[in-house]
There are 2 protein chains.
Amino acid sequence: MLTIFSPSHRLHHATELKDGHIIPCFEMPSRADTILKRVKDMDLGDVLAPDRYDVSRYTRVHSERYVRFLQNAWIEWLATGSTLDALPLVWPVRELRHDIEPEYIDGKLGFYAMDAGSAITSGTWDAVSASANTALTGMSRIVQNEKVAFALCRPPGHHAGAEYMGGYCFLNNAAIAAQGFLDAGAKKIAVLDVDYHHGNGTQGIFYHRADAMFVSIHGDPKTSYPYFSGHKDELGAGDGYGFNHNLPLPKGTEWDTYGDALDQACKKIAQYAPDALVISLGVDTFKGDPISHFLLESTDFFKIGERLAALNTPTLFVMEGGYMVDDIGVNAVNVLLGFEGRR
Amino acid sequence: MLTIFSPSHRLHHATELKDGHIIPCFEMPSRADTILKRVKDMDLGDVLAPDRYDVSRYTRVHSERYVRFLQNAWIEWLATGSTLDALPLVWPVRELRHDIEPEYIDGKLGFYAMDAGSAITSGTWDAVSASANTALTGMSRIVQNEKVAFALCRPPGHHAGAEYMGGYCFLNNAAIAAQGFLDAGAKKIAVLDVDYHHGNGTQGIFYHRADAMFVSIHGDPKTSYPYFSGHKDELGAGDGYGFNHNLPLPKGTEWDTYGDALDQACKKIAQYAPDALVISLGVDTFKGDPISHFLLESTDFFKIGERLAALNTPTLFVMEGGYMVDDIGVNAVNVLLGFEGRR
């Protein structure tokens, strides 16, 4: 299996607001480097650098003003005299407006955010554009007849909406790649999100569309981040009704329950019969994850890969979350080895 | 002029996220104590403790589940093992849901918030309920035929919406008092907000109603907090259309421009002819304010009071913002002295 990887991810290393104080992000550079090492140790296959893509590929799923904001935010933040990471302070909730973009950076940061876990730093744009290009390159290789590829993306993407960052995510790599498949001629694409946290951004981007099915298995939002999306009754809207499926599971979920949900998800996808499949691959479902609450064992990740392979569909794995850094390489690569029939 | 004041405000002393780090709130206890000292130094009149009121008075403008959250949040936060102030980490922006209340405190904090400037601490509920009672007591005295009263509220209230906290605000003291006037028999009530920051909470609470007019003079939200409300085109909706008026002014505004806006605001109110008037009194329009951007002089605050007195309407002043602590007493009391024809 091909792996696509860019060392530019290291340019993004930020802080987050959690438990009432500012701490280094759980989403840290060593995550991707640990996975890359495991890819090499297990001889998964060639490792390629991503190609370059124009931002017009990102604005297929994000608004132009949001992408422009991501490009310029750090410069505007520096102009305020601040030397810390750029974090929002107020968010457009409920009846508050999100039609008029503020002119001042404090306002823009909140306007384009859902949380205080996605700080912008000096290297954020270079890292997130390289991450999106990583996903696009994997997509492109599959269009050119690879059966499977692993986009070792960092920062992750699935919490990023059409016009907001959040949950360590800025550009939605999985959605950008899924749209890339459609733009390259696919008629139907499915995104299966197995990260512990609901992929609210991907759901939001495709919620009104029938050409992209989104299916997600995740911690119940009643008790887990991102809290405000991922319920069962979110089935899509308009043309997209019936093409969005959430499978929230309680804290403490082990393999048996998880495997049943995965079977249900795979059945939905098989019925939809997409031309290609994008997997938002989070391994924070692992029992040792510091900010998640499922109890999968490392060996369970083989089984995830095996079941996905049985769908017999061109498949792009896009790396998302997983915060137990010591084990993230083993767990992520176990999914890929399982997919290839190796244990 | 009667002043209503409770020392319970000191029980709330919190931290906020600003400029990428956690700092002590600009909204600090010495603010109210400085104003109280000036009230006494200038012999403004008697100072009374607030009466006690049932929470059912607060739920006339706030949702029951929100008030319950405010009462219980600190206990739930402590149960997580945290010893810091309770701050949210994710907010229900844009398409994210605000119908299903999360069960976990991290989710609840964001569900009921618009920013990270309104931390909940051990004493927050006692302070904010005393602050709301301060406004209600002032209202009650006016219903009993006082011509004017000063509710020296702290924490402030005008950013708090029907179901969210924000901008140092938890219970919307001005809205609770305005509703109190209506419940006591008034047919029409007006709220004039002269704080530097738009009173998004008060606007939201009365936006669909014709029995409460909201008028606000404030820093243009394009460049000033709260950024996502306070534009000119917010005129109310449904039955409330035409009963909401925003007068945003640019950074650097001095008295001449401010006075013109105040005249416009007073004209709107005079035409409406309310049975009573609530003034959301912020003095962060002062030139020395550390987080605001108008340039009023201390003597200008006399003129605000004089113009409000000319409306010849029973008037309740409710204290909101103002962060230049050294001058807050002089500036706030200058408005009140101006109202009474004193300089």
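**Notebook: pockets, axis and sheet**

I started with the largest pocket, which 35 residues line, with A:L89, A:D106, B:K18, B:Y225 and B:I291 nearest its centre. For my own reference, the search runs on a 1 Å grid over the protein atoms alone; a pocket is an open set of points with protein on both sides within 12 Å along at least five of seven lines, a 1.4 Å probe being the one used for cavities, and a lining residue has an atom within 4 Å of a point.

I note that this is a predicted model, where local features need pLDDT of at least 70, side-chain atom pairs count only at pLDDT 80 or more, and totals for chains, interfaces and linings use all residues. Residues are numbered from 1 along each chain as its sequence is written, chains are lettered from A and ligands numbered from 1 in the order written, and side-chain values use heavy atoms, without hydrogens and water.

I read a volume of about 560 Å³ for the largest pocket (the space filled by probe spheres set on the points, which are joined across faces, edges and corners). Its lining splits into 14 nonpolar, 13 polar and eight charged residues (nonpolar: Ala, Val, Leu, Ile, Met, Phe, Trp, Tyr, Cys and Pro; charged: Asp, Glu, Lys and Arg; polar: the others, Gly among them). Strand β2 (residues 15-18) of chain B contributes the most to that lining, three residues.

Next I looked at the second largest pocket, with about 480 Å³ of space. It is lined by 27 residues, and A:K18, A:Y225, A:I291, B:L89 and B:D106 are closest to its centre. Here strand β2 (residues 15-18) of chain A gives the largest share, three residues.

**The two chains**

I traced an open sheet of eight strands with parallel pairing, in the order β4-β1-β5-β10-β9-β6-β7-β8 (strands are DSSP E runs of at least two residues, helices H or I runs of at least four, numbered from the N terminus; pairing needs at least two bridges). β4 (47-48) and β8 (244-249) of chain A are at the edges with a single partner strand each, so one side of each has no neighbour in the sheet.
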